[in-house]
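Please examine the sequence and the three-dimensional structure shown below.

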Amino acid sequence: MTTKTVNKLIDKYLEGKTSPDEERRLALEVNCTGAPAEWQVVAEMLGELTLGEAIYEDTMARRRRRRVALCVGWAAAACIAFMVVMVVAGHRKPQQQEAVVLAQKAPATVPAVVQREAAPVAAEKAAVVGMPKVQKRRKPRVAAAPPEPVAAEAEPMVAEEPMVQPAMQPTMQPSTAELAQVEQNFRQWQLGWTIRNEAIELELATEQLNRKYAMYLAENRDNIEI
Amino acid sequence: MDRTTFEQTAARLRPLILRIGLNFFGSADDAEDVAQETLVQLWRYCERLDEGRNVEALAVRVAKNCCVNLKRRQHLRVVKGGGHLQAMSAQLAPSPHEELEWRERVSAFNEAVGLLQPRERQLFEMRQLEGLSTEQIAQQTGMAKASVQSMIAMARKKLFNKMKGRKEL
C-alpha cells in the first residue's frame with residue numbers, strides 16, 4: 001500500500017466510513033517503525049486489539065493460501081505423472097502389437113536351444129506321470145533296438161525318418177514287430193473296408209434287381225402262369 | 001457485569017475461544033493457554049462490560065490478540081533458548097523505557113476516551129473493542145446508520161486531535 005493510499009484510508013477512518021476489514025488493513029500499515037506522527041496516533045487509536053486481529057487474520061489467510069498452493073502443486077504433479085504414464089502406455093501398445101504380429105509370423109518350430117533346455121524338464125514331468133522318459137539327442141533309440149527278423153522291414157523306415165527334433169523324441173519308439181502288427185492291422189482294416197464296400201454294392205444291386213423284377217412282374221402279370 | 005454472570009458467560013465462551021486457539025496453533029495445550037489468558041483479560045475488563053454489550057465479539061477479538069501475543073512470546077522463547085542471539089531477543093522484547101512509554105500512551109488514550117460524550121464513547125467502544133460494523137451498531141442501538149457514522153467520526157476526530165496535540169508537546 002502506498003503512502004497516498006494509507007493517508008486516504010486514514011481520512012476515511014476519521015470520517016467513520018471505513019469497514020472493519022479496512023481498519024485491520026490500516027492497522028497493519030500504520031504500525032511500522034519510523035512512521036509519521038499522524039500514523040502513530042491512528043495506530044494508537046486503532047489499538048492493540050485491531051492490530052492483533054489483523055495479524056491473526058493475515059497469518060490465517062497466508063496459511064490458507066499456502067495450503068491451496070500446496071494442493072494445486074500436488075494436483076499438478078499428479079496430472080503430470082498421469083500424463084507420463086499415459087504417454088508411456090501409448091508407446092508400449094504398438095510395440096506389443098508388433099511383437100504379437102512377429103510371433104504370428106514366426107515359424108511354429110521350437111528352436112533347438114529351447115528344446116535342449118526343455119528336455120530335462122520334460123523328462124522330470126514324464127517321470128512324475130509315469131510316462132517313458134525323454135531321450136537326449138546323443139542317445140538314439142535305433143541303435144538300442146534288438147536285431148529281429150521283422151526289423152529288417154522297419155529299419156529302413158526309421159533310418160529314412162528325418163531327425164527334426166531328436167531331443168524331444170520319446171525313448172519308446174514302436175518296435176519293428178509292433179510296426180508289422182500295425183501294418184497288418186491296417187491291411188485287415190483295409191480289407192474289411194473293401195469287403196464292406198463290396199457288400200454294400202451287392203446289396204444295392206440286389207435291391208435294384210428286386211425292383212426290376214417287381215416291375216417286370218407287374219407288367220406281365222397276366223402272361224405269367226403260376 | 002458481576003462475578004456470577006461472568007462465570008456463566010465464561011463457560012459459554014470457552015469452547016469458542018478454544019476453537020480459535022486450536023485453529024491458530026493446532027495444539028490443544030496452546031489453545032488452553034489462549035483460553036485462559038483471554039478469560040483473564042475479559043475478567044479485568046468485566047466491570048466495564050454492560051449488559052447490552054456483545055461480549056462474544058469482544059471475546060473473539062481478545063482471543064485472536066492473545067493468539068498473536070502467545071506466538072510472539074513463543075518465538076521470543078525460541079530465540080532466547082538458542083542462547084546465541086541475545087541481541088535479537090533484545091530487539092524483539094520491549095525495553096523498560098519502551099514499556100513505560102507504551103503505558104503512558106495507553107493511559108493518555110483512556111483519559112481522552114473518558115472525555116468523550118457518553119453516547120460517543122459507547123459507539124466508539126462498540127466499534128473499537130467489539131469490532132462491530134456501522135450496520136451492526138445501528139441495529140443494536142436502534143439508531144440510524146448515518147447518525148452512528150457521524151457520531152463515530154466525531155469521536156475519532158476528537159481523539160485524534162487530542163492525541164496529536166499531546167504528541168506535539
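Between chain B and chain A there are seven salt bridges, a salt bridge being a side-chain nitrogen of Lys or Arg within 4 Å of a carboxyl oxygen of Asp or Glu. One of them joins B:Lys164 to A:Glu38, with 3.2 Å between the closest N and O atoms. This is a predicted model, in which local features need pLDDT of at least 70 and side-chain atom pairs count only at pLDDT 80 or more, while totals for chains, interfaces and linings use all residues. Residues are numbered from 1 along each chain as its sequence is written, chains are lettered from A and ligands numbered from 1 in the order in which they are written, and side-chain values use heavy atoms, with hydrogens and water left out.

The size of an interface is often given as the accessible area lost when the parts come together. Here chain B and chain A bury about 2,800 Å² between them, 57% of it on carbon and sulfur atoms; buried area is the accessible area (1.4 Å probe) that two parts lose on being put together, summed over both. Chain B contributes 32 residues to the contact and chain A contributes 29 residues, where contact means heavy atoms within 4.5 Å.

Which elements of chain B give two or more residues to the side that touches chain A? They are helices H1 (3-25), H3 (55-82), H5 (96-114), H6 (118-128) and H8 (145-168) of chain B, helices being DSSP runs (H or I, at least four residues) numbered from the N terminus. H8(B) gives the most to this side, with ten residues.

The largest nonpolar core has 28 residues, and A:Tyr56, B:Ile17, B:Val34, B:Leu42, B:Leu58 and B:Cys67 touch the most other members. Such a core is a set of buried Ala, Val, Leu, Ile, Met, Phe, Trp, Tyr and Cys residues joined through side-chain atoms within 4.5 Å; buried means under 20% relative accessible area (1.4 Å probe, protein chains only). H3(B) gives the most to this core, with ten residues. Leaving out residues up to four places away in sequence, A:Tyr56 touches B:Ile20, B:Asn23, B:Phe24, B:Lys64, B:Cys67 and B:Val68.

A:Glu53 lies in helix H3 of chain A. Why does A:Glu53 count as buried? A:Glu53 does so because its relative accessibility is 8%. Beyond its neighbours within four places in sequence, A:Glu53 is in contact with A:Arg24, B:Arg61 and B:Lys64.

Definitions and conventions. Buried < 20%, exposed > 50% of the residue type's maximum accessible area, 1.4 Å probe, protein only.
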